[in-house]
Amino acid sequence: MKLVEVKNVKKYFPVQKGFIDQILSRKQTYVRAVDDVSFYVKKGEVLGLAGESGSGKTTMGRLCVRLIAPTEGQILFDGKDIAPLKGEELRLMKRRFQFTFQDPTSSLNPRLSIGEAVGDALKLQGIGDKDEQAFRSREVLERVGLSPAESFYDRLPHQLSGGQKQRVVFGRAIILNPEFVVTDEPVAMVDVSIKAQILELMMDLKKELDLTYLFISHDLATSRYVCDHIAIMYLGRIIEIADRDQIYEDPLHPYSQGLMSAIPIPDPKAQKAAAIPQGEIPSPIDPPSGCRFHPRCPKAFDRCPKEDPELKNAGNGRVVACHLY
Amino acid sequence: MTDLLRIENLVVEYATRRGTARALDKASIILEENKTLGLAGESGCGKSTLGRAIMRLVPYPGKIIEGEIFLNLDQPVSVKTEDIPMGEVNLMNLDEDQMRALRGRMIAYIFQDPMTSLNPMLTIGDHFIQIMQAHDPEIEDEAALDRAKEILDGLGILPERVTDYPHQFSGGMRQRVMIGLGLALRPRLLISDEPTTSLDVIVEAQILEQMAELKDKFNLTMILITHNLGVLAQTADDIAIIYAGRIMEHASTDALFGNPQHPYTKALLEAVPDVSKPEKKLTWIPGAPPDLMDFIPGCMYNPRCPHAMDICRTTVPTLIKSKSGGKVACWLYEEE
């Protein structure tokens with residue numbers, strides 16, 4: 001069953017015009033952060049969203065939980081389009097999906113105790129009275145491994161280690177019993193010695209609470225351990241979606257191939273990256289014509305700058321947007 | 001091969017309001033000429049402090065308490081106060097003028113964050129002119145710019161972009177500029193602090209490749225400070241693993257990955273995700289790195305170590321020769 005389905009979603013952010021541009025009434029320009037993206041996440045699965053910074057993966061994640069509204073397109077949650085929702089209807093809907101932000105330190109209020117931070121969502125949604133909220137908050141603290149909850153409840157964020165803060169962030173996300181959680185770079189800020197601990201917590205919560213995840217990460221080495229499928233984004237577009245093992249062992253899109261070969265492997269005997277794409281990701285204000293990757297693509301041919309490739313079925317349940325297939 | 005750099009029993013402390021934190025505790029490393037040494041460890045372990053101590057630029061309120069830093073000079077360096085003779089000098093005995101003469105020319109340091117390390121009011125070319133004229137007031141602007149263009153070209157930046165300002169550059173290009181500035185005076189030792197940490201994998205791979213090329217071209221010796229063991233596996237010759245201010249293991253890259261000795265090194269390698277090994281079961285180290293204000297008697301790692309014995313809780317282990325050919329500081333091993 002498709003829990004979340006995104007159909008032809010676009011998100012354009014207007015670029016602030018300078019004074020001279022205003023006088024000359026030049027045309028408004030836009031950052032095309034997400035440009036015509038479609039995918040779905042099945043219930044109980046983990047979809048990894050990968051790509052370089054500026055590829056639009058965080059914007060896509062924020063759209064999925066309606067932290068921002070799309071410029072165009074549909075976002076179906078459990079069959080219902082949540083893109084046009086507003087006000088009270090949206091607020092109630094938001095109980096069913098949550099978002100965890102990248103940096104646990106800056107996403108926790110330094111003056112709010114851990115217990116209050118976790119219970120805050122209940123307060124905002126008007127669920128239960130004060131005692132009930134505190135009780136639920138303690139329960140959740142235990143569940144995310146901050147036990148005994150009594151000793152953590154009144155602590156402030158600065159009294160916790162990075163890993164513990166990340167646990168608080170997950171606690172805050174699950175207290176409303178959501179069905180779908182978007183997690184933005186959950187392990188980017190934690191030390192390698194406790195990375196696996198956070199990933200295991202994520203997967204335990206998924207099992208216990210029957211969660212579905214959208215796992216946003218630029219760290220492809222980590223994604224391999226948690227995702228069922230992986231979608232690769234480039235400049236506001238999804239260019240390939242495949243099974244986890246397929247995409248690592250046999251990436252189809254030249255960009256995916258470049259990404260995979262650039263991942264540093266912690267083994268001095270491993271072969272060094274063969275073909276790293278040249279240059280850097282261009283500006284999303286004025287993306288290249290045709291296939292957006294063509295200026296950097298080693299396999300580009302005459303069709304690539306002219307025609308925009310669509311996401312096509314390439315067999316075995318994988319889709320790719322490239323004229324080679 | 002001669003040793004370019006030898007650090008012995010370096011102690012650095014930060015005196016803060018909460019108390020004194022010992023950021024480095026009797027750290028000793030050796031670096032051969034033309035080699036790349038990786039300093040690895042978790043955040044707060046003292047790897048950046050070690051890098052900056054070599055320049056004698058430990059930020060306030062840090063202070064080098066004791067220890068020796070020997071640098072092997074291949075030529076005498078003229079200073080207005082007192083010239084530094086050729087051969088091995090102890091940097092701890094030099095005065096500030098002499099250190100200034102060495103910084104940039106002998107040892108260059110690339111700071112961690114390229115976004116904040118460049119002056120937004122100066123063009124890229126001006127940065128080069130400033131650095132070169134600070135060391136040699138005679139040098140003409142044009143000559144400095146020519147050098148800048150040559151170096152930037154080697155890093156894949158178009159030479160005509162020396163007239164651009166930092167905000168016109170992407171993160172990866174700013175990092176390249178930082179590397180270029182480090183190389184402007186043709187130093188022998190280049191210390192780079194997390195040079196690719198804020199960058200994407202593709203740009204990271206590009207920059208590491210260019211750094212390797214430059215290392216050959218300029219005959220550099222390098223110290224690479226990073227928490228990313230994957231990067232070190234591909235670039236370093238030797239690696240020193242630091243934990244809570246102490247060197248836990250110091251070995252060649254092959255030995256460290258192939259035959260890790262210290263329980264901390266082993267645990268760290270078990271925790272690193274490896275995209276080529278999906279079957280690997282990632283593990284973690286229980287607990288958290290210690291607070292440097294709270295002194296732990298014995299080995300700093302003992303509260304997290306599965307092999308901790310009585311002696312580990314009382315006596316600090318010293319770095320001894322290990323079976324893998326490197327050095328290790330752990331009571332599980334005896335000096336042979």
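**Contacts between chain A and chain B**

User: In this predicted model, at what N to O distance do the side chains of A:Glu200 and B:Lys281 meet in a salt bridge?

Analyst: The model is predicted, so that side-chain atom pairs count only at pLDDT 80 or more and local features need at least 70, whereas totals for chains, interfaces and linings use all residues. Side-chain values use heavy atoms, without hydrogens and water. A salt bridge here is a side-chain nitrogen of Lys or Arg within 4 Å of a carboxyl oxygen of Asp or Glu, and for A:Glu200 and B:Lys281 the N to O distance is 3.9 Å.

User: Which element gives the largest share of the side of chain A that touches chain B?

Analyst: The elements that give two or more residues to this side are helices H8 (192–209), H9 (220–226) and H11 (254–262) of chain A, helices being DSSP runs of H or I with at least four residues, numbered from the N terminus. The largest share, eight residues, comes from H8(A).

User: What area is buried between chain A and chain B?

Analyst: Contact, meaning heavy atoms within 4.5 Å, links 36 residues of chain A with 40 residues of chain B. Buried area is the accessible area (1.4 Å probe) that two parts lose on being put together, summed over both. Carbon and sulfur atoms give 61% of the area between these chains, which is about 3,400 Å².

Definitions and conventions: Residues are numbered from 1 along each chain as its sequence is written. Chains are lettered from A and ligands numbered from 1 in the order in which they are written.
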